[in-house]
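Have the sequence and the coordinates open side by side.

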Number of protein chains: 2
Amino acid sequence: MLSIIGIGLASPDDISVKGLRRVRAADHIYLEGYTSKLRCSVDDLATFYDHDITVADRELVEQSDTILDHAQTDHVAFLVIGDVFAATTHYELFKEAREAGIETDIIYNASVLTAVSTTGLQLYKFGRTASIPFRNNDVTTPLNILESNQDIGLHTLFLLDLEDGQYMTVAEALDYLTRNDKITDDTRCVGCARLGSDNHTIRYGTVSRLKEADFGEPPHCLIVPGDTHFLEEEALETWACERFK
Amino acid sequence: MLSIIGIGLASPDDISVKGLRRVRAADHIYLEGYTSKLRCSVDDLATFYDHDITVADRELVEQSDTILDHAQTDHVAFLVIGDVFAATTHYELFKEAREAGIETDIIYNASVLTAVSTTGLQLYKFGRTASIPFRNNDVTTPLNILESNQDIGLHTLFLLDLEDGQYMTVAEALDYLTRNDKITDDTRCVGCARLGSDNHTIRYGTVSRLKEADFGEPPHCLIVPGDTHFLEEEALETWACERFK
């Protein structure tokens, strides 16, 4: 059996009660360790779960049959940070398990894709999500997504890259986006850090203000609002940089 | 203190471990009972939480100060089905509490907005979410949203109405959408029921096929895919109506 379990965004106790029961009953636990990072240590998780954890790299998940082989005979729990299917690779594991006749279950959890609603921007008005990479100097893809969303008044969420333990910051993302003239120093954006944890930071202001704001520890993300309802405007004002100077 | 706590999509044990701890420590528990419905009874929840629960109607949340007044002196837990801020009304409660100087915390949880990824459609490629109402015979708004999303290749999720304990079904939603000629009997869609629970149903097929499919108990939702990657196509085929005849 394969249980694919979302473990939430920040601390060991973000797992659901049902998920914790599944984890404790499992014979093997794998933690997906390459598309996202925890805000606690793997040891903290192992202690909370009272169970050994194997950190799975991309090769183990995508190129080997180790996990599915185990799941043929034993109960395997595959843990994903946030919700379960934000990354294609985790969906493929689920699909392959079903195709191999392995019993599967899915335990859902919170995701940054809905935690962005803490800003006061309405979830149903977000368009396609964009990612800003460290390595690619071609800014067209994220900006094309922004432009398509803006054309129909939608908000755009930018997820920021993680590579070799390095997280992209709001300031770096803004540097990247302002290489083009679609976003200027006067564009109003929302920067977020550690969404889903008890100590999130949210700031609303112009690009030049946000570049100076201190967002603290990662992960960060960035939102460029589309057309806003007055209730959204009022909510954004509660996070205005001016209030935190 | 006001804790706003997402309790997930289906069963009492979908609450997070952290959320359960907050609920059990609270002096008063309100359950939001008018934008969504539980798949278990309130008594089941109260037993699981070992705590009395007051079901809050729209008037109590939006027109009275009862909840904020309690939160000035006591610890109030406000429970929301799914994730916390899918509905504007819950965000307003959070904003008013902050403005009144009441300590707040938010416990996130799973949402149908990310559970739709179980279909294999990639979350970052969804556009604006539409709702299909029972009462309004004007189909332009949902269809305009669909058209805007389709113009830029995005998937469209339709959430289906709940009114006086009546849930709209996939078949009713398809009847509604096919009153216009943008969706025909040959359009390929994905119908879902009870996403986030152990016994979800997902079916992919033409409108005419889906109208005949048995989705079982509510809640249902409907997705019209936009441009699909081949991995998304492969995933959708695993839910094809043909496989379940």
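Let's settle one term before anything else: buried means under 20% relative accessible area, exposed means over 50%, and partly exposed is what lies in between. Keep in mind, too, that this is a predicted model.

**Salt bridges**

Side chains of opposite charge can pair when their charged atoms come close. Over all chains, the count comes to 26 salt bridges.

| Salt bridge | N to O distance |
|---|---|
| A:K211 and A:D175 | 3.2 Å |
| A:E242 and A:R209 | 3.7 Å |
| B:D105 and B:R22 | 2.4 Å |

Start with the pair A:K211 and A:D175, whose side chains meet at 3.2 Å. This pair links distant parts of the chain, with A:K211 in helix α9 (residues 207-212) of chain A and A:D175 in helix α8 (residues 170-177) of chain A, 36 residues apart. Since A:K211 has 29% relative accessibility, it counts as partly exposed. A:D175 also falls in the partly exposed class, because its relative accessibility is 42%.

Helix α9 of chain A turns up again in the next pair. The side chains of A:E242 and A:R209 form a salt bridge at 3.7 Å, N to O. Here A:R209 sits in helix α9 of chain A, while A:E242 is in the segment after α10 (230-237) of chain A, and the two are 33 residues apart. A:E242 has 42% relative accessibility, so it is partly exposed. A:R209, at 28%, is therefore partly exposed as well.

Now over to chain B. Are B:D105 and B:R22, which meet in a salt bridge, buried or exposed? Both of these residues are buried. Their side chains come to 2.4 Å, N to O. B:D105 lies in strand β5 (residues 104-107) of chain B and B:R22 in helix α1 (residues 17-25) of chain B, so the pair ties together parts that are 83 residues apart in sequence.

**Two helices, one from each chain**

Two packed helices are described by the angle between their axes and the distance between the axes. For helix α5 (residues 88-99) of chain A and helix α10 (residues 230-237) of chain B, the axes come within 11 Å and cross at roughly 30°. That angle is why α5(A) and α10(B) are described as roughly parallel to each other. The crossing of α5(A) past α10(B) is left-handed. On the α5(A) side, the contact is made by A:T88, A:Y91, A:E92 and A:K95, and on the α10(B) side by B:L231, B:E234 and B:A235. By type, the residues of this contact divide into three nonpolar, one polar and three charged.

**Two loop residues in chain A that touch chain B**

A:A86 is in the loop between β4 (76-80) and α5 of chain A. Its relative accessible area is 47%, so A:A86 is partly exposed. Setting aside neighbours within four places in sequence, A:A86 is in contact with B:Q122 and B:L123.

A:T118 is in the loop between α6 (112-115) and β6 (130-132) of chain A. What is the relative accessible area of A:T118? The value is 0%, so A:T118 is buried. Not counting residues up to four places away in sequence, A:T118 touches A:L195, A:H200, A:I202 and A:W239, along with B:F85, B:Y91, B:F94, B:I106 and B:Y108.

**Backbone details to check**

A cis peptide bond joins A:P218 and A:P219, with omega about -5°. A:P219 is in the loop between α9 and β12 (220-224) of chain A. In chain B, the peptide bond from B:P218 to B:P219 is cis, with omega near -5°. B:P219 is in the loop between α9 (207-212) and β12 (220-224) of chain B.

Then come two residues other than glycine with positive phi. For B:D50, phi is near 60°. B:D50 is in the loop between α2 (42-49) and β3 (54-56) of chain B, and its relative accessible area of 65% makes it exposed. For B:R194, phi is near 55°. B:R194 is in the loop between β10 (188-193) and β11 (201-206) of chain B, and at 6% relative accessible area it is buried.

Methods: Residues numbered from 1 in each chain as written. Chains lettered and ligands numbered in written order. Predicted model: local features only at pLDDT ≥ 70, side-chain atom pairs only at ≥ 80, totals over all residues. Heavy atoms only, no water. Axes fitted to C-alpha atoms, helices over the stretch in contact; angles between N-to-C directions. Helix = DSSP H or I, 4+ residues; strand = E, 2+ residues; numbered from the N terminus. Parallel < 35°, antiparallel > 145°, perpendicular 65-115°, else oblique. Left-handed = near helix turned anticlockwise from the far one by under 90°. Contact = heavy atoms within 4.5 Å. Nonpolar A, V, L, I, M, F, W, Y, C, P; charged D, E, K, R; others polar. Salt bridge = Lys/Arg side-chain N within 4 Å of Asp/Glu carboxyl O. Buried < 20%, exposed > 50% of the residue type's maximum accessible area, 1.4 Å probe, protein only.
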